[in-house]
Each structure stands twice: as structure tokens, then as C-alpha cells.
Amino acid sequence: MQTTSSKPPNMPHELPVSTATTTTSTDPKKLTLIPLIFIIYFEVAGGPYGEEPAVQAAGPLFAILGFLIFPFIWSIPEALITAELSTAFPGNGGFVIWAERAFGPFWGSLMGTFKFLSGVINIAAFPVLCIDYMKRLLPALESGLPRYFAIFGSTLGLSFLNYTGLTIVGFAAVVLAVVSLFPFVLMSLIALPKIQPHRWISLGQKGVEKDWNLFFNTLFWNLNFWDSVSTLAGEVENPQKTYPKALLVSVIFTCLAYLFPLLAVTGSLSVDQSEWDAGFMAQAAGMIAGKWLKIFLEVGAVLSAIGLYEAQLSSSAFQLLGMADIGSLPMFFGLRSKWFNTPWVGILLTTLISLGVSNFNFTDIISSANFLYSLSMLLEFAAFIWLRRKLPMMKRPYRVPLRLPGLVMMCLIPSGFLIVIMAIATKTVYLVSGIMTVAGIGWYFLMKLAKSKKLLKFNVGGVEEIDQVRVVGHS
């Protein structure tokens, strides 16, 4: 593998790509700013669909405060860290590279396990969410074989669309975002004359016990995964400049997309708190404007679920490709399609696993994904702080404008929230997460054995090779 570059020595280098990933007749088209913004949007949110359980769990006031405050203690710090490390290490391994560069290959592999499994569990929720909205139009999808085949068919169809190319996914994300958000814009405008501000300060119905587990998991699930886009860095045009801009716009856009519809519905309607389950926004649209808007919003929900699935499937698939590039996985995982240049092995594996967990109920999917993601984020925060301490002179095209003590404080607040999320998890979630962690540790040693015995073909060099071509200097 080539270990030299024509770039000036003080410029950051993209990750080397294994031979298996470059056997294509044409270079892949790079993602530009606008498609990247909307891919990030779908990595994280995809619209207000799914925020309803926060009201059911804790009432309107806490739900509004949650979606107003939580971005400052979680979304913004995570986006800042993603911007710095994605521009410093612009390769498809993303967070796996960060952990491996900070603490070594074991922690890089474990990071990959946590992120991949949490991502796959998260992906499995979107066909389920899509069918939950569609069953309001087609009651036959409520249960039984029709529901199973609907989830199975939609998962396979959406995965095939992803296989056709990342640039297609990017431009489709723009269209899907505009169309899926439009009914919320209409609903918010129509609701304006009906809003009674005193409803916003309601603590919920008397006698209804607050479900903090559901509340925090709903906030977390709706506002996390900002770092998932880091696994696409090798596919982005000029990532050093594009990533910070895209993340900034995405954070603002996503938070407003959650907050305005929530204010409109809680302020204009007075309904039983128990009705605020996943999918209630469609019912609210019908109450505010009529059946036509209810149907429009349900169609938008389906389109949003498509965008969510496509964006997050891309990140998970390219994560496996990036891990193959740095030698954490066999080169087979880095194979790309001859026709579309997409990581077909990653897409296939992610699809099969998501199908396996798609029969969980929606709350179980959220809780399991959140716990694994919490573990990975604690490791990510530690890697971010340690890289600043370990490599203070490394060239960082974007640098979070804080010194080390400020960075520690920035990471401590969301870390405390992660510990709360993990502490209130159910025994089932603890058991599942423990099994997956042990499996991840076993997978690392299995790969280490396969590499030492040359049982499988790996990209030799990995992150060490990146360091050889990467000359650091003052930023």
C-alpha cells in the first residue's frame, strides 16, 4: 500500500483505502454541503415523528424544556467533538479511528462494536415506526403476518435503494426532508390562533405518574447520533471545511424542527396525556386542520422513516468499510459494488441484523440502542480529551475553542446524563448490553487470532500507517 502523499507535510491526510475498496472503474462522487446537512438531519432526527412519548411520560412543560435544553447539554457538545475529530481524521472509520488512535486497537474494536450494534438496533426502529403510521391508514398492518411482511419488505426495498449510491441517498434526503416537514409547517401555522400559552406550563395530568425512563430515553433517541456521520468522512468533498458548516446548520435546523410542532400541538390541544404515544402527531393534525392534514402527515412520516433508514444504514455500512480500511476487520468487509461503489457487504450485514431485531417493540428498541450508545459515547468523550492531551500539536482544521479544562467540563455534563440513562435501564437492557459487550470483546480477540495466524486477509498497517503519512504541526 502506498504510504506517501503529494500533499504538503502540514496538511491532514485522508485515510488510506484498502485495495479491495478501490477496484472500481470510476471514482465515487463526493457528498457536498447541502446533501450532507440533510444526511446529518436524518442521522439524528428526520422530523418531530417520535417525540410524542416525552409528553406522555412527563407532561407538556417537561417535554418542551427537554427539547429546548437538551441540545445545549448534549447535541452541541457531540456535534463540536464530531466536527473536530472528523476534520482531524477524515476517513470512513470515524469514531473507531478516534478510539484506536487514543487508546489502542482493543478500544477501537470495542468502540466499533458498540456503535455498530447501537446503530443497527436504531435502524431497525424505522421500518417499525413507518408501519406504525401506515397502520392508521391500513388497519391490517396492526399485527400478524401482514405487519411482518410489511416490515420485511420495506427493509429489503430500502436497503436496495441504499445500495444504488451515497450521492442518491444524499439528494433523496433533501427531498424527503422538505416533503416530510411541510405538513408540520402547515399544522403549526393553522394552530397559531388556537394556542393557549398556559397549556405549555402544564406538568401533566394529576394522578399520572411520571415515567422518567421513557422521558429521557425519548429525548436521547431523538437528539443523538450526531457522530454517525463521521463514518462518511472519506466520501465528503473537502471534509475539513464541509463538516463544521454542515454540523452547525444541522443542529439549528433539527432543534427547531422538534420544538415548533411541539409548541403548536401542546398549546392548541387539550387531550388525555395517555394519547401521546408514538404517532399521535398525525391524530393532532387531524384535530387541528382536518383529515386531509392527518393523511398528509402520515405520508410524511413514511417518507421520514425512509430518510432515517437510508442515512443511518449508510453510516453503519461505511463504518464496516472504514474498519476494514484500518485493519480492524478483514478486507472482505471493505468490498464495494462494481456498479455503484457502495459497501455492499456492510449494507447486507446491517440489513440482516436489523431484520433480526425488528420484532422488538418500539420502546425496547430505543432503550437497547441508547444503552449501547451511552457506553460508546463515554469512550468517545474520553478519546477526545485524551487526544487533545496526547497530541496537542496535531493539525486540526477545526478546533473546539476551549482549553483542556473547558473541554473536560464540556464532556462531564453529557457524561452525567449518560450515566443517568444507564442507571435507569431495565434488567433486560442490562442483560442484552452485557451479552453484546462480552461478544464484542470476544470478537476483538477472534480477529486478533485470525490476523496472527493469517486465517483471513487484513489491511496491514491500519492506524499506524496513517500516522506515518500524517505529519503534525501547530494549528
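1. The model is predicted, so local features need pLDDT of at least 70 and side-chain atom pairs count only at pLDDT 80 or more, while totals for chains, interfaces and linings use all residues. Residues are numbered from 1 along each chain as its sequence is written, and side-chain values use heavy atoms, without hydrogens and water.

2. Helix α3 spans residues 60-88. Helices here are DSSP runs (H or I, at least four residues), numbered from the N terminus. From first C-alpha to last, α3 reaches 41 Å, close to the expected 42 Å. The expected span is 1.5 Å times one less than the number of residues. At Pro 71, α3 bends by about 50°; the bend is the angle between axes fitted to the seven residues ending there and the seven starting there.

3. Helix α9 (residues 239-268) has 30 residues. Of these, 22 are buried, meaning under 20% relative accessible area (1.4 Å probe, protein chains only).

4. The whole structure holds six salt bridges. Each is a side-chain nitrogen of Lys or Arg within 4 Å of a carboxyl oxygen of Asp or Glu. Lys 115 meets Asp 227 at 2.3 Å, N to O. That pair links helix α5 to the loop between α8 and α9, 112 residues apart. Lys 115 also meets Glu 380 at 3.1 Å, N to O. Glu 380 sits in helix α13, 265 residues from Lys 115. Lys 115 and Glu 380 are buried.

5. Arg 336 and Glu 235 form a salt bridge at 3.0 Å, N to O. Both are buried. Glu 84, Arg 388 and Arg 396 are linked in a salt-bridge network.

How values were computed
Helices (H or I, at least four residues) and strands (E, at least two) are DSSP runs, numbered from the N terminus. Buried means under 20% relative accessible area, exposed over 50%, partly exposed in between (1.4 Å probe, protein chains only).
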